[in-house]
Amino acid sequence: MKARACSLALLLMALGAGFAVAGDDGEKKYKRPKQLSVPLSAPKVWSAECGSCHIAYPPGLLPPAAWKRQMDTLNKHYGSNATLDAADEQAIRDFLAATSTVNRLPLEPSPKAGEPPRISTTAWFIRKHDEVRADVWRRKSVGSAANCVACHAGAEKGDFDDDRVQIPK
Amino acid sequence: MKYPLIALACLLAGAAQAETPAGLLKSYEQQARQENPKFAGFSAGRGKALYYSQSQASGKSMSCTTCHSADPKKAGKTPAFRKIEPLAPSAQADRFTDMKKVEKWFRRNCDDVFKRECTTQEKGDFVSWIITVK
């Protein structure tokens, strides 16, 4: 029994060590948010309010701390006033806080001072889109990096699968 | 014989509860009267002028038409690529039927374009114009 427990412990240690190595390595390796699907229970107030001026960005795209900053600065939302009434604001805060915990990446402030974090300036976003040429971003059919649905038709459901990307002409 | 009457009564009760652009305008009128004893009515002409007036307050020249179309019977587009349904109730039936929604967008959009809140007078002027756009 003791031997068994011992070998189990050794096995776990080996696995643990394995994870640790992968983890250490992984710190330098490329990381991106992976759990992006929007829960079916997402409140209507979230999709309606966050989806009226732009697509309702899946909460998993940013970590909780970034969403908090978004919600704290709605009066200056990338040049627009996006303020909500208190009840709607709280409901959206709660949903974002709970749903974005799947994103364990560090908060990356926007390079532009005075504005909340941007999805499109995170290291992983830039890396994932490094093959998209500047003139493609500027296409009228694309608009800008804020317009996920131009190329990712399922973006609002959290589907960003590479295989389903279609870049419009 | 009774049933059509009941149905009619229900319909009327429903209609009384649902806000209409005219009812919403009435609310603004009451508010304007309360705020200003010299209130002399709304002006559709001023409301139209407000819609088309260019403002530099935000640092770039813009007006309501920048995002809403210059023709309020047509759809517009937000700076972040979302379609905006037409503003004129003649083209989009649910416009100006929900005070909470109307107040939210006046609050945000007057700040976006003019960098200030719109007055009750301005809101009423605008609503009195937009409901006449056919």
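Select helix α5 of chain B and show what surrounds it: its buried residues pack against α2 (21–35), α3 (44–52) and α4 (99–114) of chain B. Helices here are DSSP runs of H or I with at least four residues, strands are runs of E with at least two, and both are numbered from the N terminus. The model is predicted; local features need pLDDT of at least 70, side-chain atom pairs count only at pLDDT 80 or more, and totals for chains, interfaces and linings use all residues. Residues are numbered from 1 along each chain as its sequence is written, and chains are lettered from A and ligands numbered from 1 in the order in which they are written.

Colour residues 120–130 of chain B by burial. A residue is buried if 20 or more other C-beta atoms lie within 10 Å of its own, exposed if 12 or fewer, and partly exposed in between, with C-beta atoms placed from the backbone. Because 10 of the 11 residues of α5(B) are buried, the helix is largely enclosed by the rest of the structure. Among the buried ones are B:Phe126, B:Val127, B:Trp129 and B:Ile130.

The contact includes B:Leu50 and B:Tyr51 from α3(B), and B:Phe126 and B:Trp129 from α5(B). Two residues are in contact if their C-beta atoms, placed from the backbone, lie within 7 Å. The residues of this contact divide into six nonpolar, two polar and four charged. Ala, Val, Leu, Ile, Met, Phe, Trp, Tyr, Cys and Pro count as nonpolar, Asp, Glu, Lys and Arg as charged, and the others, Gly among them, as polar.

Move to chain A, which has six helices and zero strands. Select A:Trp46, A:Leu61, A:Leu62, A:Trp67, A:Ile92, A:Phe95 and A:Leu96, the residues with the most contacts inside the largest nonpolar core, which has 14 residues. Such a core is a set of buried Ala, Val, Leu, Ile, Met, Phe, Trp, Tyr and Cys residues joined through C-beta atoms within 7 Å. Two or more residues each come from α2 (44–50), α3 (64–72) and α4 (86–99) of chain A, and α4(A) gives the largest share, three residues.

Stay on α4(A) and pick A:Gln90. This residue counts as partly exposed because it has 13 C-beta neighbours inside 10 Å. Its C-alpha atom is separated by 10 Å from that of A:Trp46, 44 residues apart along the chain.

Next, pick A:Phe160, in the segment after α6 (134–138) of chain A. With 21 C-beta neighbours inside 10 Å, A:Phe160 counts as buried. Leaving aside neighbours within four places in sequence, A:Phe160 is in contact with A:Leu36, A:His152 and A:Ala155.

Finish with confidence: chain A averages a pLDDT of 87, and 83% of the residues score at least 70. pLDDT is the predictor's confidence in each residue, from 0 to 100. Select residues 8–26 of chain A, where pLDDT stays under 50 and the model has one contact beyond four places in sequence. Where pLDDT is low, the predicted coordinates should not be read in detail.
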